[in-house]
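The following exercises are to be worked with the sequence and the three-dimensional model at hand. Each task is followed by a solution in steps.

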Amino acid sequence: MKVGISVREIKTEDAIGMVLAHDMTKIVPGKFKGRAFKKGHIIRPLDVEELLSMGKEHIYILDIKEGELHEDDAALRLAQAIAGDNVELSETSEGKVNLSAAIDGLLKINPQAINAMNNVPDIAIATLHSNRRVKKGEKLAGTRAIPLVIEEEKILTVETIAKNFAPIISVLPIHSFKVGIVTTGSEVFKGRIPDKFGPVVKRKLEALESTILDQIFVPDDLEEIRTAVLKLIEAGAEMVVTTGGMSVDPDDRTPGAIKSLGADLVTYGTPILPGSMLLLAYYKGVPIIGLPGCVMYEKSTSFDLILPRVLAKEPVTREDIAELGYGGLCTSCEPCSFPHCSFGK
């Protein structure tokens, strides 16, 4: 069905609930001249007196037929179709509806679904990137129908896509974890150099409202690293982070120690720079993250991309890691604006 917008004249008093067919200008000599009502405005009871005071005894309204929708109704249905958990909708304004975060958390968006929806003619859905941290009240997306009046069948198509791909847009809560740190390296263990890794990790975790359960220092010894990881898990650590020993040097034993636990290794190595030597594994459901040395001195690394997803209790797969290569190059901007940049997108 092709929409054919028809216009008809009607008495102003009879126009309540109908759609204005054109902009209406108000003139107050010497004081004001401008638009009082916009095309597409739905006439309210309180508008009638204003229109009459402007000399509008009759107005032209849009005659919307069955199977057609006004842009406001269409935008609202689009927003309702894509809104998932912890997402709030704005009031409709000028044919648009905004979606915002109801909580602080991790934004999850299905890009395939958004692409499919935007391939429907006359549909516009704009979003942020998925897998970024958002604050309560932050705008996540906006919806609108391009024409003033749109065929309902196009909205029905989008609603069908939404049902097939759901959830489309949601916000996962980021949980507070008790985290254990295993710091490896004989030079730190023996006190030859101070630990500079622990404070960085602690700062990043506390920024996400997680706490340090304990930090254990061990030499580059496979069995001692393994024992320290198990000790932390037995003490109640919900995640273990290891620092040091993640390079390919022969005396770096951390990856081998984690593998010896029988942990499920997701990846040792990522297509992300900086941070390509990161390790991610799960031991009896407890995530273990082995950090490369760059986390000590680089503002944003693979750790910053993976950590929020782990804290959101989202299982991270090898496929998830592989996808991070597209957009996985940090350009080291000055000043750093992460996460409001292309890194990890």
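**Exercise 1.** Determine how many residues of helix H9 (residues 302-311) are buried.

Solution. Helices (H or I, at least four residues) and strands (E, at least two) are DSSP runs, numbered from the N terminus. Buried means under 20% relative accessible area, exposed over 50%, and partly exposed in between (1.4 Å probe, protein chains only). By this criterion ten of the ten residues of H9 are buried, so the helix is largely enclosed by the rest of the structure. Among them are the charged residues Asp304 and Arg309.

The model is predicted: local features need pLDDT of at least 70, side-chain atom pairs count only at pLDDT 80 or more, and totals for chains, interfaces and linings use all residues. Residues are numbered from 1 along each chain as its sequence is written, and side-chain values use heavy atoms, with hydrogens and water left out.

**Exercise 2.** Characterise the largest cavity and identify the element that gives the most to its lining.

Solution. On a 1 Å grid over the protein atoms alone, a cavity is a set of points where a 1.4 Å probe fits but cannot get out; a pocket is an open set with protein on both sides within 12 Å along at least five of seven lines; lining residues have an atom within 4 Å of a point. Grid points are joined across faces, edges and corners, and a volume is the space filled by probe spheres set on the points.

1. H9 gives the most, with four residues.
2. By class, the lining has seven nonpolar, three polar and five charged residues; Ala, Val, Leu, Ile, Met, Phe, Trp, Tyr, Cys and Pro count as nonpolar, Asp, Glu, Lys and Arg as charged, and the others, Gly among them, as polar.

**Exercise 3.** Describe the largest pocket by volume and lining.

Solution. The volume of the largest pocket is about 600 Å³. Of its 23 lining residues, Ile109, Pro111, Ser130, Asn131 and Glu323 are the closest to the centre. Strand E9 (105-109), helix H3 (111-118) and helix H10 (318-323) each supply at least two lining residues, and H3 gives the most, with four. The lining divides into eight nonpolar, nine polar and six charged residues.

**Exercise 4.** Examine the backbone at Lys313, Ser332, Pro335 and Pro339.

Solution. Lys313, in the loop between H9 and H10, has a positive phi of about 60° although it is not a glycine. At 55% relative accessibility, Lys313 counts as exposed. Ser332, in the segment after H10, has a positive phi of about 50° and is likewise not a glycine; at 46% relative accessibility, Ser332 is partly exposed. In the segment after H10 lies Pro335, joined to Glu334 by a cis peptide bond with omega about -5°. Pro339 is also in that segment, and a cis peptide bond with omega about 10° joins Phe338 to Pro339.

**Exercise 5.** Is Ile43 buried or exposed, and which residues does Ile43 touch?

Solution. Ile43 lies in the loop between strand E4 (32-37) and helix H1 (45-53). At 2% relative accessibility, Ile43 counts as buried. Contact means heavy atoms within 4.5 Å; not counting residues up to four places away in sequence, Ile43 touches Ala15, Ile16, Gly17, Met18, Leu20, Leu51 and Ile59. The C-alpha atoms of Ile43 and Ile16 are separated by 4.9 Å, although the two residues are 27 residues apart along the chain.
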